[in-house]
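This report goes through one model, from its annotation and confidence to its ligand shells, core and local backbone features. Please keep the sequence and structure at hand.

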Amino acid sequence: MVVLSKQAIDHFSLITPTFFPGVPLIDLSKPDSKNLLVKACEEFGFFKVINHGVPTEFITNLETEAIKFFSSPLSKKEKAGPPSPFGYGNKSIGQNGDIGWVEYLLLTTNPEFNYQRFASIFGENPEIFRSAVNEYVSAVKSMACEILGLLSDGLKIQHRNVFSKLLMDEQSDSVFRMNHYPPCQGVDGRDLIGFGEHTDPQIISVLRSNNTSGLQISLRDGHWISVPPDQDSFFINVGNSLQVMTNGRFKSVRHRVVTNSSKSRVSMIYFGGPPLSEKIAPLPSLMKGEEDSLYKEFTWFEYKRSAHKSRLSDNRLVLFEKIAAS
Ligand SMILES: C=C1C[C@]23C[C@@]1(O)CC[C@H]2[C@@]12CC[C@H](O)[C@@](C)(C(=O)O1)[C@H]2[C@@H]3C(=O)O
Ligand SMILES: O=C(O)CCC(=O)C(=O)O
Ligand SMILES: [Fe+2]
């Protein structure tokens with residue numbers, strides 16, 4: 001286990017901004033949702049949705065299992081680690097020296113793989129944990145696909161499944177993560193970094209927490225704002241791949257998590273990604289007139305390989321940007 005030194009604490013602590021009331025809230029059952037979704041992806045790369053169709057029971061079941069898992073002895077949790085890339089991790093994030101005040105479980109959305117890898121650690125009855133993960137992931141994936149369908153409608157793309165088919169593909173390389181941020185006092189009135197600033201590499205991320213603050217996003221002008229927790233909503237992030245497919249019209253949002261002084265935060269995030277062999281490039285139908293492609297084409301495998309060599313806060317897209325001709 002990594003212990004944070006005084007030096008690391010100084011480096012990873014910051015003043016928490018006040019709550020931002022302006023996070024776009026989109027009601028998926030309303031007819032104008034497709035246009036509001038496009039606007040939110042352009043302006044923030046971040047929004048929250050209600051009337052999402054995910055049964056409350058699936059959320060509660062999985063949150064209960066996650067809390068049980070994180071409350072179990074460290075020796076037991078460590079049997080599911082280290083994350084390589086899947087498994088239990090504690091304070092260390094990725095392979096390149098990033099640390100945060102967080103423990104987590106990183107899983108593929110391939111149910112068979114998880115079952116074999118974690119059968120021994122999910123208590124006497126791994127089936128309960130497994131079915132809670134599968135039910136939740138499958139409902140959240142359907143919601144993500146509905147949002148992607150509405151986005152393609154809003155963008156007036158002829159094939160409304162152009163984004164969602166990537167998540168629906170049997171080979172889709174999607175990931176599911178459960179994070180636990182133990183309560184932490186912070187230092188000198190400043191909060192500690194739970195999960196350092198970054199953008200998500202995939203197409204779309206679907207996040208919720210146990211009604212606990214900590215999530216912050218960076219606005220276009222570079223200001224960080226705190227996102228008020230909301231039990232009734234799911235929070236959605238635009239990922240790097242959706243930014244590329246829309247030729248930069250949608251922006252992937254920089255975000256981070258700071259620790260909460262009094263309450264344990266548990267979050268659950270589905271990262272919807274394409275198959276490894278999928279070529280990611282701006283969609284020709286979204287290029288207006290003489291508009292140039294801002295990005296070189298790459299496969300998701302190539303992007304992931306390069307992302308996994310990067311530090312959390314790196315801008316992973318620069319390597320794939322085209323240099324504008326002068
Ligand atoms: C430092 C890292 C952790 C990460 C892989 C990376 O090298 C850079 C991207 C990180 C990230 C951020 C979003 C998701 O939490 C994640 C699972 C992902 O796909 O990219 C993590 C990776 C990780 O924790 O392994
Ligand atoms: O735990 C959270 O709320 C967000 C974590 C996150 O951004 C991530 O795991 O990529
Ligand atoms: Fe993230």
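## Annotated domain

The unreviewed UniProt entry carries the annotation "domain: Fe2OG dioxygenase" for residues 171–274. Across residues 171–274 the chain is 43% strand and 6% helix. The C-alpha atoms at the ends of this stretch lie 8 Å apart.

## Confidence

The model is predicted. The protein chain has an average pLDDT of 91, and 91% of the residues score at least 70. For the complex, the predictor gives a pTM of 0.94 and an ipTM of 0.99. Where pLDDT is low, the predicted coordinates should not be read in detail.

## Ligand shells

The shell of ligand 1 holds 17 residues, of which Gly94, Asp98, Asp200, His308 and Leu312 are the closest. Sorted by class, this shell has 8 nonpolar, 5 polar and 4 charged residues. Two strands, β5 (98–108) and β6 (175–181), each contribute at least two residues to the shell around ligand 1.

Ligand 2 is surrounded by Arg177, Asn179, Phe195, Asp200, Leu207, Ser209, Leu215, His255, Val257, Ser267 and Ile269. Two or more residues of this shell come from each of β6, β8 (204–209), β12 (255–258) and β13 (265–272). The class count for ligand 2 is 5 nonpolar, 4 polar and 2 charged residues.

## Nonpolar core

The largest nonpolar core has 71 residues, and the members that touch the most others are Ile147, Leu151, Ile204, Val206 and Ile236. Helix α6 (residues 126–154) gives the most to this core, namely 11 residues.

Setting aside residues up to four places away in sequence, Ile147 touches Leu37, Val49, Ile204 and Ile236. Ile204 and Ile236 are themselves in the group that touches the most other core members.

Pro17 sits in the loop between β1 (13–14) and β2 (25–27). The residue counts as exposed because 12 other C-beta atoms lie within 10 Å, and the limit for that class is 12 or fewer.

Beyond its neighbours within four places in sequence, Pro17 is in contact with Gln216, Trp224, Ile225 and Ser226. Between Pro17 and Gln216 the C-alpha to C-alpha distance is 8.6 Å, with a sequence separation of 199 residues.

## Backbone details

Which residues are joined by a cis peptide bond with omega of about -5 degrees? One such bond joins Gly81 and Pro82, and another joins Ser84 and Pro85. Pro82 is in the loop between α4 (74–77) and β4 (87–93), and Pro85 is placed in the loop between α4 and β4 as well.

Positive phi values in non-glycine residues occur at Lys156, near 60 degrees, and at Asn247, about 50 degrees. Lys156 lies in the loop between α6 and α7 (164–168), and is exposed, with 10 other C-beta atoms within 10 Å. Asn247 is found in the loop between α8 (240–245) and β12. Asn247 has 19 C-beta neighbours inside 10 Å and therefore counts as partly exposed, since a buried residue needs 20 or more.

Terms used. Residues numbered from 1 in each chain as written. Chains lettered and ligands numbered in written order. Predicted model: local features only at pLDDT ≥ 70, side-chain atom pairs only at ≥ 80, totals over all residues. Near = placed C-beta within 6 Å. Helix = DSSP H or I, 4+ residues; strand = E, 2+ residues; numbered from the N terminus. Nonpolar A, V, L, I, M, F, W, Y, C, P; charged D, E, K, R; others polar. pLDDT = per-residue confidence, 0-100. UniProt positions renumbered as here; feature names shortened; annotations may be inferred. Contact = placed C-beta atoms within 7 Å. Core = buried A, V, L, I, M, F, W, Y, C linked by C-beta atoms within 7 Å.
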